[in-house]
Amino acid sequence: MNSTSPHSNSGVAQRFPVVIVGAGPAGLTLGNILRAASVDCLVLETETREFIERRPRAGVLEEWAVRGLQQRGLADNLVRRAQRHTECEFRFAGERYRFEYAELTGQHHWVYPQPLLVTDLVREYADVRGGAVRFGVRDVALHDLDSDRPAVSYTCPKTGQRQVVHCDFVAGCDGARGVTRGAVPAGRALVSRSDYSIGWLALLAEAPPSSDCVLFGMHPSGFAGHMPRSAEVTRYYLECPPGDDPENWSQDRVWAELQQRLGANGAPALTEGRLIEKRVLDMHNYVVEPMVFGRLFLAGDAAHLTAPIAAKGMNLALHDAFVLGDALVAHLTQGDGTGLDGYSAACLGRVWDYQEFSMWLSEVYHGTSSGDPYLAGTTLARLRRIFGSRTAAKAFAEQYLGNTDF
Ligand code: RFL
């Protein structure tokens with residue numbers, strides 16, 4: 001893809017200093033940072049604006065990430081509307097264990113549904129800061145990335161014509177299923193992968209939360225999670241075989257499993273409701289190193305995927321966007337390339353830290369249902385340590401909330 005010519009069947013060539021592929025949290029945050037410094041950029045997105053503003057996904061944001069958005073004028077709605085979570089609850093061996101992480105660390109989580117954040121970011125970028133964006137583009141291809149005159153081409157949804165955009169830099173922010181990661185030639189990056197061989201049935205229920213906090217159920221039948229999203233909507237997860245068909249999970253079966261796996265002494269029954277999303281996620285991770293090839297800078301899920309086990313992916317996407325945005329602004333406005341040179345290393349420390357935590361947490365969530373009594377025993381020992389030792393609890397809380405020292 002990198003070596004193909006962008007020039008066939010093209011309309012009028014355009015030029016932007018930066019082309020951003022993908023209008024998710026990473027791409028839109030990056031675009032906003034560039035526009036705030038009056039750097040021109042173009043965002044290319046395969047979906048419509050309405051679609052990205054509604055796509056349900058993440059909800060949990062770490063304090064440092066929200067501070068980063070605030071410092072860039074991107075969190076006004078968020079801090080007004082998001083919930084602050086200060087504790088969560090683990091349920092295992094028939095009992096409930098409250099984990100008061102704010103009391104241990106002085107930090108909390110923010111809960112703000114990803115579609116609301118994307119809506120805020122796209123409005124600020126396109127309607128307030130005057131950023132250029134093309135929705136519904138097809139067949140995005142990258143060209144001449146290892147030269148100082150890279151280009152991006154795409155098919156315009158209205159005319160069907162190929163368009164070419166010349167630029168200085170390409171930001172690959174097109175998520176786990178995008179095309180930019182594939183533009184890095186084999187041998188120019190190391191892609192490390194890990195597969196948990198575990199599936200999660202991700203559910204959104206039209207039901208109020210059944211607790212004031214996140215619940216984690218470690219049950220011999222499988223993990224279950226309860227994540228409040230708003231007064232009317234709650235996200236639930238159920239461990240299932242990888243590749244399972246969501247149609248195997250009727251409304252009745254879902255609620256019966258949730259009630260069982262999240263049941264514990266003294267816990268009220270869950271408030272049930274209509275399921276408005278039901279999809280199976282196979283739990284796997286990857287990391288691309290370095291996150292740079294020539295003039296292409298990968299950010300967010302395009303560069304590294306963290307299974308939603310530890311709710312870290314959007315936080316990492318924002319971190320990359322902050323680092324890359326500041327580095328591109330320094331280069332394009334002051335000729336200072338040190339930030340771009342250090343971009344990959346500046347991101348990968350946090351990426352690997354979160355990968356490791358996600359792996360550790362996966363063992364905790366899935367050990368009791370692994371069918372291996374040894375793993376089940378060591379999992380319960382880990383959990384009891386968190387609730388038996390304040391030092392262990394603090395160490396866990398620090399990782400759960402996201403280390404601020406990167
Ligand atoms: P995104 O959000 O996937 O955005 C990429 C954008 O690129 C577009 N695109 C293309 N555009 C142009 N050309 C192409 N060829 C393109 N291919 C794709 C896509 O349409 C899209 O608009 O990536 P980004 O910006 O890196 O953001 C990553 C986050 O979205 C992701 O890490 C999180 O959603 C992960 N995640 C969570 N992260 C958290 O930090 N906290 C959470 O609580 C949390 N919960 C979750 C999650 C992910 C989930 N799913 C569905 C995987 C819960 C779930 C269920």
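1. Tyrosine 236 and tryptophan 255 are both buried, where buried means under 20% relative accessible area, exposed over 50% and partly exposed in between, with a 1.4 Å probe and protein chains only. This is a predicted model: local features need pLDDT of at least 70, side-chain atom pairs count only at pLDDT 80 or more, and totals for chains, interfaces and linings use all residues. Residues are numbered from 1 along each chain as its sequence is written, and side-chain values use heavy atoms, with hydrogens and water left out.

2. Aromatic pairs. Rings of Phe, Tyr and Trp (its six-membered ring) pair if their centres lie within 6.5 Å; planes under 30 degrees apart count as stacked, over 60 as edge-to-face and the rest as tilted. The count by this rule is 25 aromatic pairs. One of them is phenylalanine 216 with tyrosine 400. The geometry is edge-to-face, with 6.2 Å between centres and 85 degrees between the planes. Phenylalanine 216 is in strand S15 (residues 214-219) and tyrosine 400 in helix H12 (residues 390-401), so this pair ties together parts 184 residues apart in sequence. Phenylalanine 216 and tyrosine 400 are both buried.

3. Tyrosine 236 and tryptophan 255 also form an aromatic pair. Their rings are edge-to-face, at 5.3 Å centre to centre and 80 degrees between the planes. Tyrosine 236 belongs to strand S17 (residues 234-240) and tryptophan 255 to helix H7 (residues 251-261), so the parts tied together are 19 residues apart in sequence. Helices (H or I, at least four residues) and strands (E, at least two) are DSSP runs, numbered from the N terminus.

4. Strand S17 also holds cysteine 240. Cysteine 240 is buried, at 7% relative accessible area. Tryptophan 200 is 40 residues away from cysteine 240 in sequence, but the C-alpha to C-alpha distance is 5.4 Å.

5. Charges over rings. A charge sits over a ring if NZ of Lys or CZ of Arg is within 6 Å of the ring centre and within 35 degrees of the ring normal. Arginine 253 lies over the face of tryptophan 249, 3.6 Å from the ring centre. Arginine 350 lies over the face of tryptophan 64, at 3.9 Å from the ring centre. Tryptophan 64 is among the buried residues of helix H3 (residues 63-71). Glycine 73 follows H3 and has a positive phi, near 70 degrees.

6. What does arginine 162 pair with? Arginine 162 is in strand S12 (residues 162-166). The residue is buried and has no salt bridge (a side-chain nitrogen of Lys or Arg within 4 Å of a carboxyl oxygen of Asp or Glu). Aspartate 139 is the nearest side chain of opposite charge, 4.6 Å away; Lys and Arg count as positive and Asp and Glu as negative, with His and the chain ends not counted. A 2.8 Å polar contact joins the side chains of arginine 162 and serine 153, and another of 2.8 Å joins those of arginine 162 and threonine 155. A polar contact is a pair of N or O atoms within 3.5 Å; within protein, one must be able to donate a hydrogen and the other to accept it, and residues adjacent in sequence count only if both atoms are side-chain atoms.

7. Ligand site. The ligand is surrounded by 36 residues, each with a heavy atom within 4 Å of it. The closest are Glu45, Arg55, Arg57, Gln114 and Met314. Glutamate 45 places a polar side-chain atom 2.6 Å from a ligand oxygen atom. Backbone atoms take part as well: a polar one of valine 60 is 3.1 Å from an oxygen atom of the ligand, and a backbone N or O atom of glycine 313 lies 3.3 Å from a ligand oxygen atom.

8. Backbone points to check. Most residues other than glycine have a negative phi, and most peptide bonds are trans. Serine 38 is not a glycine, yet its phi is positive, about 60 degrees. Serine 38 sits in the loop between helix H1 (25-36) and strand S3 (41-44) and is exposed at 61% relative accessibility. Alanine 93 has a positive phi of about 50 degrees. Alanine 93 is in the loop between strand S6 (88-92) and strand S7 (95-99), and counts as exposed at 53%.

9. The peptide bond joining glutamate 289 and proline 290 is cis, with omega about -10 degrees. Proline 290 lies in the loop between strand S18 (274-289) and strand S19 (292-293).
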